[in-house]
Amino acid sequence: MATAQPRVWVFGKGYSAGDKSLKQLLGGKGANLAEMSRIGLSVPPGLTVTTEACEDFHKSGGKLTDELWQEILDGMKTVEKNTGFEFGNPENPLLVSVRSGAAVSMPGMMDTVLNLGLNDTVVVGLAKKSNERFAYDSYRRFIDMFGDVVMNVSHSLFEAELSALKKAKGVKVDTELDNEDLKTLVEKYKAVYLKATGQEFPSDPKEQLKHSVMAVFNSWNSTRAIKYRTINKISGLKGTAVNVQAMVFGNMGDNSGTGVLFTRSPSNGERKLYGEYLINAQGEDVVAGIRTPEDIDTMKKVLPKAYEELCKNCEILEKEFKEMQDIEFTVQEGALWMLQCRTGKRTGLAAVKIAVDMVAEGLVTPQQAILMVEPRHLDQLLHPQFADPKAYKIDVLGTGLPASPGAAVGQVVFHPEDAEAWKAQGKATILVRMETSPEDVGGMHAASGILTARGGMTSHAAVVARGWGKCCIAGCSDLHIDEVHRTMELGGKKLAEGEWISLNGTTGEVISGQQKLSPPSISGDLGAFMKWVDDTRELRVMANADTPEDATAAREKGAQGIGLCRTEHMFFASEERIMKVREMILATNPAQRHAAIDALLPYQRSDFEGIFRSMDGLPVTIRLLDPPLHEFLPNIHGADHVHADHVVDELVRDVGVKKEDILNRIEELQEVNPMLGFRGCRLGIGYEDLSEMQVRAIFEAASAVQKEGKVVHPEIMVPLVGTTQEFEHQEEIIRRVIAEVAAKTGVTVPFKVGTMIEVPRAALIADQIAERAEFFSFGTNDLTQMTFGYSRDDVSKFLPKYLELGILQNDPFEVLDQAGVGQLIKMAVERGRSARPDLLVGVCGEQGGEASSVEFFAKCGLNYVSCSPFRVPIARLASAQAVVRAALAKK
């Protein structure tokens with residue numbers, strides 16, 4: 001008979017049944033504690049309650065079963081044995097911490113309780129074994145945390161009592177309070193607890209532990225945790241593990257302390273310890289940003305032995321995990337204890353440097369390094385920086401700690417809710433706070449940048465902002481905030497909500513006004529890293545580009561061709577061009593229409609020549625005209641009536657058509673549902689001469705550029721095909737015109753004719769279409785619209801609620817719906833290649849630059865993805881990562 005897997009796993013220095021591979025079961029924190037214990041580091045003994053236990057807890061309606069509770073108590077017996085202390089024994093007390101720890105790191109999203117096990121008798125025994133100050137300081141902290149985390153008693157109520165006592169005693173910092181003051185605080189805190197809950201503070205340590213474990217489990221479904229998972233697209237997890245660990249104390253005097261560090265700089269990747277510590281303090285003091293800590297480098301003078309051991313441990317952990325580590329530690333009376341390690345969150349700049357350096361150091365291979373950089377890291381590097389940092393020096397209001405690099409410009413807001421509301425209105429904001437907390441996560445994500453008056457480089461604001469690649473300045477101590485009147489003052493200048501400021505997260509400078517931003521470029525470490533990426537990936541990455549300038553930018557970003565050139569965008573390049581399009585649409589007879597179309601040909605030909613020159617040797621996929629004709633005409637029913645009337649008057653003058661006739665024609669072309677109306681190949685069938693003109697312009701341009709000695713590969717794409725007959729109609733025109741141009745110019749240009757798969761019916765009959773089409777390109781924007789029945793223009797009215805309720809996990813117009821739209825793509829590829837084995841298949845929708853979607857496309861056997869030039873490097877990385885992960889899955 002199989003033995004059920006234990007739900008409680010114990011660990012400590014030199015022993016552990018678990019290891020780093022069990023993150024899904026033990027959570028990231030529990031698995032890493034197990035690993036540190038296994039390799040012999042000084043880890044305080046403890047136990048981990050598994051994520052499966054959390055899942056069972058929620059399935060049972062939030063009940064902790066007797067069986068699980070007994071397993072926890074049995075585990076506590078082992079912890080007692082391994083520490084030599086006893087839970088609840090005043091003569092030899094064991095105190096523990098209770099922390100959450102999901103499989104994916106979610107900093108600050110769930111709750112922690114420290115010093116658990118204290119009561120009125122245990123605190124006396126602890127005082128005898130240590131000292132009164134330490135014992136009662138620990139006790140008052142425990143009451144505060146337990147009340148806040150477990151019983152939802154606001155932390156501010158306890159903080160108010162602390163502030164009142166400090167004011168009464170005439171002191172500024174906690175450490176100036178004497179022993180009797182701390183005893184007084186304990187009583188005041190218990191009174192706060194009683195008033196808020198109607199119950200006495202629990203004195204039974206086992207009852208404290210039981211409620212705390214339940215609180216951690218419940219925190220998995222807290223509003224802030226759910227919001228964090230939604231923002232970071234974290235799904236598929238069973239819950240959080242619970243880590244119960246023997247307390248070690250950093251607040252036992254000047255030979256004790258606590259700290260948080262990264263084994264390399266999370267901001268720029270420099271290979272040096274980067275972090276902070278506090279003497280005579282507990283861990284929450286550093287993370288919460290309540291006290292301003294010291295740089296970790298100064299610890300070598302104050303606690304030299306512990307610092308030396310810490311440096312050695314950092315080297316061991318990097319070799320073991322092959323990653324930069326984020327470490328929490330405590331020094332108790334000179335002895336170092338490792339409390340936590342995890343892969344450190346970092347900026348894009350740091351991610352690339354760390355990956356490149358670790359390959360050079362022999363810690364990882366280039367393929368392993370490819371997985372160390374996330375697509376969002378490249379996204380950060382591609383974000384703008386300040387165009388000229390010297391130009392704004394006179395506008396610098398003050399400086400803080402450069403917590404997360406980059407540049408941000410926005411209007412000042414003081415409340416997270418306002419940041420979210422203003423973003424919904426299309427406004428860029430800078431969230432200004434005294435300090436942030438997990439409850440602020442929604443506003444932090446919505447803001448362009450974050451500025452705090454308190455906190456260090458490892459405060460909540462700093463860690464979360466770096467993880468998102470969001471510009472952040474923390475600990476700007478000269479910043480004064482008046483939340484009531486919604487103003488801030490810095491550098492002698494008072495700013496009200498809505499005024500503009502700029503942040504330089506690399507230098508920590510806070511700047512007045514809207515500073516000019518400029519785009520970054522790919523070079524240095526990033527260039528070396530991207531070479532590994534390109535050597536590894538199999539998918540070609542192309543770009544969506546509509547002008548010669550776009551094509552040049554795409555090639556600079558590493559694009560291997562153009563996967564979508566939208567010919568209609570060329571028509572909007574000038575008033576002259578758009579007027580010719582309008583003349584064509586408003587023509588009252590074929591002769592007028594032909595004349596207008598002929599006038600458009602030179603414009604199109606010139607643009608195609610520029611694109612072909614820019615993409616010398618690379619394929620260019622050109623989509624024939626797609627949007628409905630009314631989009632080229634003035635919107636007489638829109639908000640800007642004055643402009644529309646002006647355009648109509650110009651048309652009357654230039655085209656020679658009566659105003660009444662023009663207005664009637666505009667009305668005729670209006671469609672109830674343009675997405676499903678007279679557009680795409682339907683236009684080419686209705687106006688054959690339009691398709692003829694476009695193909696003629698393309699191949700006259702191709703012939704001219706080929707005569708210059710350049711290599712040209714045009715691919716003509718028929719949009720919105722739903723039947724084989726539609727494609728055949730347009731294909732006949734395309735091939736006929738190409739032959740005419742070749743006969744006229746004497747130049748034979750190699751080409752392909754294919755179609756966009758945007759209509760679900762086209763996916764279903766892909767084998768029939770592929771008998772004639774030489775390539776498919778999935779237009780995932782329209783395919784998503786038609787599969788879901790969602791209008792992309794209107795989806796914002798209900799999508800936020802869908803995401804909030806979990807009806808959808810992601811915006812399907814950003815992240816491919818693999819279960820629905822993805823299956824249509826997979827089926828179309830299989831059916832298409834059954835008819836034409838060498839069928840070239842790609843994708844040119846927005847999802848072509850989204851990492852998880854690119855990985856899916858690679859699995860489906862696509863030849864290429866096409867995205868905006870800006871996202872080309874991200875698609876290149878995602879493609880390489882798909883190859884590496886597929887290879888790992890086979891092992």
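Leaving aside its neighbours within four places in sequence, which residues is Phe201 in contact with?

1. **Phe201.** The partners are Phe142, Ile143, Phe146, Lys190, Tyr193 and Gln208; contact means heavy atoms within 4.5 Å. Phe201 sits in the loop between helix 7 (179–197) and helix 8 (205–219). Helices (H or I, at least four residues) and strands (E, at least two) are DSSP runs, numbered from the N terminus. Phe201 is buried, at a relative accessible area of 11%. The cut-offs are under 20% for buried, over 50% for exposed, and in between for partly exposed (1.4 Å probe, protein chains only). Phe201 and Phe146 are 55 residues apart along the chain, and their C-alpha atoms are separated by 9.3 Å.

2. **Basis of the values.** This is a predicted model, in which local features need pLDDT of at least 70 and side-chain atom pairs count only at pLDDT 80 or more, while totals for chains, interfaces and linings use all residues. Residues are numbered from 1 along each chain as its sequence is written, and side-chain values use heavy atoms, with hydrogens and water left out.

3. **Overall form.** The protein chain has 35 helices and 34 strands. Its C-alpha trace spans about 105 × 70 × 50 Å along the principal axes.

4. **Packing and surface.** Of the 891 residues, 56% count as buried. Among contacts with a separation of 6 or more, 69% come from residues 24 or more positions apart. The accessible surface comes to about 36,400 Å², and 50% of that belongs to carbon and sulfur atoms. Areas come from the Shrake-Rupley method with a 1.4 Å probe.

5. **Charge.** There are 99 positive and 120 negative side chains in the protein chain. Lys and Arg count as positive, Asp and Glu as negative; His and the chain ends are not counted. The centres of the two sets lie 4 Å apart, each charge being placed at NZ of Lys, CZ of Arg, CG of Asp or CD of Glu.

6. **Arg454 and Glu435.** The structure holds 54 salt bridges, meaning a side-chain nitrogen of Lys or Arg within 4 Å of a carboxyl oxygen of Asp or Glu. One of them joins Arg454 to Glu435, with the closest N and O atoms 2.5 Å apart. Arg454 is in the loop between strand 19 (449–452) and helix 18 (460–468), and Glu435 in the loop between strand 18 (429–433) and helix 17 (441–446), so the pair ties together parts 19 residues apart in sequence. Arg454 is partly exposed at 38%, and Glu435 is partly exposed at 25%.

7. **Asp626 and Arg679.** This salt bridge has its closest N and O atoms 2.9 Å apart. The pair links distant parts of the chain, 53 residues apart: Asp626 in the loop between strand 29 (619–623) and helix 24 (641–655), Arg679 in the loop between helix 25 (659–669) and helix 26 (681–686). Both residues are buried.

8. **Asp144.** Where is this residue found? Asp144 is in helix 5 (residues 132–150). Asp144 is buried yet has no salt bridge; Arg140, the nearest side chain of opposite charge, is 5.4 Å away. Arg140 belongs to a salt-bridge network with Asp137, Arg141, Lys166 and Asp174.
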